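Hello,

Here is the structure you were waiting for. My notes on it follow below.

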Amino acid sequence: MFVAVPMSKFAECMGYCQVQIINYFHLGIKPGITEAARAGSELHQKLEKLDKLIPRVKATRDELADPRVDLDIPRESLKVKILRSNKNVFAYLGRIDKAIRKSGDVYIIDDRVSKAAKSGPFQSKILQLSCYCEGFSRNYAGLLKFNSIIFQIVQRDLDGNIASNYAQKYDRKRKRFLLENFRTFEKIYNKEIAPEHCGSAAKCGACSYGCGFRL
Ligand code: SF4
(Lines give C-alpha, C1' and ligand atoms only; values in the text may rest on other atoms or scores of the structure.)
Protein backbone atom coordinates (compact mmCIF):
# COMPACT_ATOMS: atom_id res chain seq x y z
CA MET A 1 0.00 0.00 0.00
CA PHE A 2 1.11 3.56 -0.69
CA VAL A 3 1.01 5.77 2.41
CA ALA A 4 1.33 9.54 1.96
CA VAL A 5 2.67 11.12 5.15
CA PRO A 6 2.94 14.91 5.46
CA MET A 7 6.31 15.59 7.10
CA SER A 8 4.66 17.97 9.56
CA LYS A 9 2.24 15.22 10.60
CA PHE A 10 5.03 12.64 10.99
CA ALA A 11 7.00 15.09 13.16
CA GLU A 12 3.99 15.89 15.34
CA CYS A 13 3.20 12.19 15.86
CA MET A 14 6.78 11.36 16.82
CA GLY A 15 7.62 14.55 18.70
CA TYR A 16 4.38 15.09 20.63
CA CYS A 17 2.41 11.88 21.05
CA GLN A 18 2.65 8.64 19.08
CA VAL A 19 -1.05 7.88 19.71
CA GLN A 20 -1.69 10.47 17.00
CA ILE A 21 -0.53 7.87 14.44
CA ILE A 22 -3.54 5.72 15.36
CA ASN A 23 -5.88 8.70 15.50
CA TYR A 24 -4.87 10.26 12.20
CA PHE A 25 -3.79 7.34 10.00
CA HIS A 26 -5.85 4.40 11.29
CA LEU A 27 -9.00 6.04 12.64
CA GLY A 28 -9.06 8.98 10.21
CA ILE A 29 -9.63 11.54 12.99
CA LYS A 30 -8.78 15.04 11.78
CA PRO A 31 -7.48 17.38 14.50
CA GLY A 32 -9.15 20.75 15.05
CA ILE A 33 -7.44 23.89 13.74
CA THR A 34 -5.77 25.72 16.60
CA GLU A 35 -5.42 29.47 16.97
CA ALA A 36 -1.64 29.08 16.57
CA ALA A 37 -2.06 27.15 13.30
CA ARG A 38 -4.37 29.84 11.94
CA ALA A 39 -1.91 32.58 12.93
CA GLY A 40 0.93 30.55 11.36
CA SER A 41 -0.88 30.20 8.06
CA GLU A 42 -1.63 33.96 7.95
CA LEU A 43 2.02 34.77 8.63
CA HIS A 44 3.19 32.40 5.89
CA GLN A 45 0.90 34.07 3.37
CA LYS A 46 2.19 37.50 4.42
CA LEU A 47 5.85 36.44 4.16
CA GLU A 48 5.25 34.82 0.78
CA LYS A 49 3.72 38.03 -0.58
CA LEU A 50 6.71 40.06 0.63
CA ASP A 51 9.13 37.52 -0.83
CA LYS A 52 7.52 37.91 -4.27
CA LEU A 53 8.52 41.59 -4.23
CA ILE A 54 12.24 40.72 -4.12
CA PRO A 55 13.72 41.27 -7.61
CA ARG A 56 15.39 38.01 -8.74
CA VAL A 57 17.18 36.73 -11.80
CA LYS A 58 16.83 33.01 -12.41
CA ALA A 59 20.09 31.22 -11.51
CA THR A 60 21.88 29.40 -14.34
CA ARG A 61 22.85 25.72 -14.09
CA ASP A 62 26.49 26.79 -13.62
CA GLU A 63 25.55 29.11 -10.78
CA LEU A 64 23.50 26.40 -9.08
CA ALA A 65 26.47 24.03 -9.36
CA ASP A 66 28.91 26.54 -7.89
CA PRO A 67 28.68 26.69 -4.05
CA ARG A 68 30.55 30.02 -4.07
CA VAL A 69 27.50 31.71 -5.60
CA ASP A 70 24.97 32.84 -2.96
CA LEU A 71 21.34 32.01 -3.77
CA ASP A 72 18.01 33.26 -2.50
CA ILE A 73 15.36 30.70 -3.45
CA PRO A 74 11.74 31.95 -3.64
CA ARG A 75 9.61 31.06 -0.64
CA GLU A 76 7.47 27.91 -0.73
CA SER A 77 8.99 26.83 -4.06
CA LEU A 78 10.86 23.71 -2.90
CA LYS A 79 8.88 20.52 -2.47
CA VAL A 80 10.60 17.54 -0.90
CA LYS A 81 9.83 13.84 -0.89
CA ILE A 82 11.41 10.87 0.91
CA LEU A 83 10.34 7.41 -0.21
CA ARG A 84 10.82 4.41 2.08
CA SER A 85 9.76 0.84 1.72
CA ASN A 86 8.79 -0.96 4.93
CA LYS A 87 5.95 -3.43 4.27
CA ASN A 88 4.12 -0.42 2.77
CA VAL A 89 5.59 2.32 0.59
CA PHE A 90 5.82 5.44 2.75
CA ALA A 91 6.07 8.77 0.95
CA TYR A 92 7.04 11.56 3.34
CA LEU A 93 6.06 14.86 1.73
CA GLY A 94 6.82 18.46 2.59
CA ARG A 95 7.32 21.98 1.35
CA ILE A 96 10.18 24.13 2.63
CA ASP A 97 9.26 27.63 3.81
CA LYS A 98 12.48 29.23 2.64
CA ALA A 99 15.99 28.20 1.53
CA ILE A 100 19.11 30.17 0.81
CA ARG A 101 22.71 29.28 -0.01
CA LYS A 102 25.26 31.45 1.72
CA SER A 103 29.05 31.02 1.74
CA GLY A 104 28.60 27.50 0.38
CA ASP A 105 26.11 26.29 3.01
CA VAL A 106 22.41 25.74 2.44
CA TYR A 107 20.05 27.12 5.09
CA ILE A 108 16.61 25.54 5.37
CA ILE A 109 14.47 28.10 7.17
CA ASP A 110 11.15 27.60 8.93
CA ASP A 111 8.98 30.35 10.42
CA ARG A 112 6.95 29.78 13.59
CA VAL A 113 4.47 32.03 15.31
CA SER A 114 3.89 32.12 19.02
CA LYS A 115 2.32 34.57 21.44
CA ALA A 116 4.86 33.89 24.17
CA ALA A 117 8.64 33.67 23.80
CA LYS A 118 9.90 30.05 23.80
CA SER A 119 13.21 28.88 25.22
CA GLY A 120 13.90 26.56 22.27
CA PRO A 121 12.11 24.64 19.54
CA PHE A 122 10.01 21.58 20.30
CA GLN A 123 11.30 18.14 19.38
CA SER A 124 8.59 17.90 16.70
CA LYS A 125 9.92 21.03 14.97
CA ILE A 126 13.47 19.66 14.97
CA LEU A 127 12.19 16.42 13.43
CA GLN A 128 10.23 18.29 10.78
CA LEU A 129 13.26 20.38 9.82
CA SER A 130 15.45 17.27 9.78
CA CYS A 131 12.96 15.77 7.28
CA TYR A 132 13.24 18.86 5.08
CA CYS A 133 17.06 18.73 5.20
CA GLU A 134 17.10 15.03 4.35
CA GLY A 135 14.56 15.56 1.56
CA PHE A 136 16.54 18.51 0.23
CA SER A 137 19.78 16.55 0.08
CA ARG A 138 18.05 13.59 -1.64
CA ASN A 139 16.03 15.66 -4.13
CA TYR A 140 18.25 18.63 -5.02
CA ALA A 141 21.91 17.68 -4.41
CA GLY A 142 22.33 16.69 -8.07
CA LEU A 143 21.38 20.18 -9.22
CA LEU A 144 22.48 22.48 -6.45
CA LYS A 145 25.87 22.04 -4.78
CA PHE A 146 26.59 22.89 -1.17
CA ASN A 147 29.04 22.12 1.63
CA SER A 148 26.64 21.46 4.49
CA ILE A 149 23.00 21.97 5.42
CA ILE A 150 21.90 24.05 8.38
CA PHE A 151 18.34 24.29 9.55
CA GLN A 152 17.04 27.44 11.12
CA ILE A 153 13.84 27.93 13.10
CA VAL A 154 12.73 31.54 13.22
CA GLN A 155 10.30 32.28 16.04
CA ARG A 156 8.07 35.30 15.35
CA ASP A 157 5.43 37.16 17.32
CA LEU A 158 1.89 37.64 15.96
CA ASP A 159 3.03 40.73 14.01
CA GLY A 160 5.80 38.78 12.29
CA ASN A 161 8.68 40.35 14.27
CA ILE A 162 11.54 37.95 14.94
CA ALA A 163 11.68 36.90 18.61
CA SER A 164 14.41 34.25 18.38
CA ASN A 165 16.46 32.32 15.90
CA TYR A 166 17.60 28.73 16.42
CA ALA A 167 20.12 27.17 14.04
CA GLN A 168 21.66 23.72 13.93
CA LYS A 169 23.69 21.74 11.42
CA TYR A 170 21.99 18.72 9.87
CA ASP A 171 24.75 16.25 10.58
CA ARG A 172 25.09 12.46 10.86
CA LYS A 173 23.71 12.41 14.38
CA ARG A 174 20.54 14.24 13.29
CA LYS A 175 20.20 11.96 10.28
CA ARG A 176 20.52 8.84 12.47
CA PHE A 177 17.88 10.22 14.83
CA LEU A 178 15.53 10.92 11.91
CA LEU A 179 15.95 7.43 10.45
CA GLU A 180 15.24 5.84 13.86
CA ASN A 181 12.04 7.88 14.04
CA PHE A 182 11.00 6.82 10.53
CA ARG A 183 11.45 3.18 11.54
CA THR A 184 9.42 3.57 14.75
CA PHE A 185 6.65 5.48 12.93
CA GLU A 186 6.42 2.74 10.29
CA LYS A 187 6.38 -0.07 12.87
CA ILE A 188 3.48 1.62 14.68
CA TYR A 189 1.67 2.21 11.39
CA ASN A 190 2.23 -1.44 10.44
CA LYS A 191 0.91 -2.53 13.88
CA GLU A 192 4.18 -4.25 14.84
CA ILE A 193 4.52 -2.21 18.04
CA ALA A 194 2.15 -0.13 20.16
CA PRO A 195 2.45 3.66 20.21
CA GLU A 196 3.94 5.34 23.26
CA HIS A 197 1.40 7.52 25.09
CA CYS A 198 2.58 11.05 25.88
CA GLY A 199 1.71 10.36 29.54
CA SER A 200 0.95 13.99 30.24
CA ALA A 201 -2.45 15.47 31.11
CA ALA A 202 -1.08 18.90 30.16
CA LYS A 203 -0.16 17.65 26.69
CA CYS A 204 -3.59 16.02 26.26
CA GLY A 205 -5.18 19.29 27.39
CA ALA A 206 -3.32 21.20 24.67
CA CYS A 207 -3.87 18.51 22.00
CA SER A 208 -6.33 19.23 19.19
CA TYR A 209 -7.48 15.60 18.76
CA GLY A 210 -10.75 14.46 20.25
CA CYS A 211 -8.99 11.30 21.38
CA GLY A 212 -10.27 8.30 23.35
CA PHE A 213 -6.85 7.96 25.05
CA ARG A 214 -6.89 11.47 26.51
CA LEU A 215 -5.67 11.78 30.13
S1 SF4 B 1 -5.31 13.59 23.44
FE2 SF4 B 1 -3.48 12.90 24.55
S3 SF4 B 1 -3.31 10.72 24.09
FE4 SF4 B 1 -4.70 11.61 22.58
S5 SF4 B 1 -3.38 12.10 20.85
FE6 SF4 B 1 -3.56 13.94 22.08
S7 SF4 B 1 -1.78 13.90 23.43
FE8 SF4 B 1 -2.04 11.83 22.61
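**The sheet and its helices**

An open sheet is built from 5 strands, ordered β2-β5-β6-β7-β8, with mixed pairing. At its edges are β2 (71–73) and β8 (162–169), each pairing on one side only. Ignoring direction, neighbouring strands in this sheet are turned by 20° against each other on average.

This is a predicted model: local features need pLDDT of at least 70, side-chain atom pairs count only at pLDDT 80 or more, and totals for chains, interfaces and linings use all residues. Residues are numbered from 1 along each chain as its sequence is written.

Some terms. Helices (H or I, at least four residues) and strands (E, at least two) are DSSP runs, numbered from the N terminus. Strands pair if DSSP finds at least two bridges between them. Axes are lines fitted to C-alpha atoms, for helices over the stretch in contact, with angles from 0 to 180 degrees between N-to-C directions.

Strand β7 (residues 149–156) pairs with β8 in the antiparallel sense, over 7 bridges. Arg156 sits opposite Ile162 in β8.

Two helices lie across β6 and β7. Helix α3 (residues 35–52) runs at about 130° to β6 (105–113). Helix α5 (residues 123–140) runs at about 140° to β7.

The axes of α5 and helix α6 (residues 172–189) come within 10 Å and cross at roughly 105°. That makes α5 roughly perpendicular to α6 (65 to 115 degrees). Leu127, Ser130, Cys131 and Glu134 in α5 meet Arg174, Lys175, Leu178 and Asn181 in α6 (contact: C-beta atoms, placed from the backbone, within 7 Å).

Best wishes

Note on methods: Angles under 35 degrees count as roughly parallel, over 145 as roughly antiparallel, 65 to 115 as roughly perpendicular and the rest as oblique.
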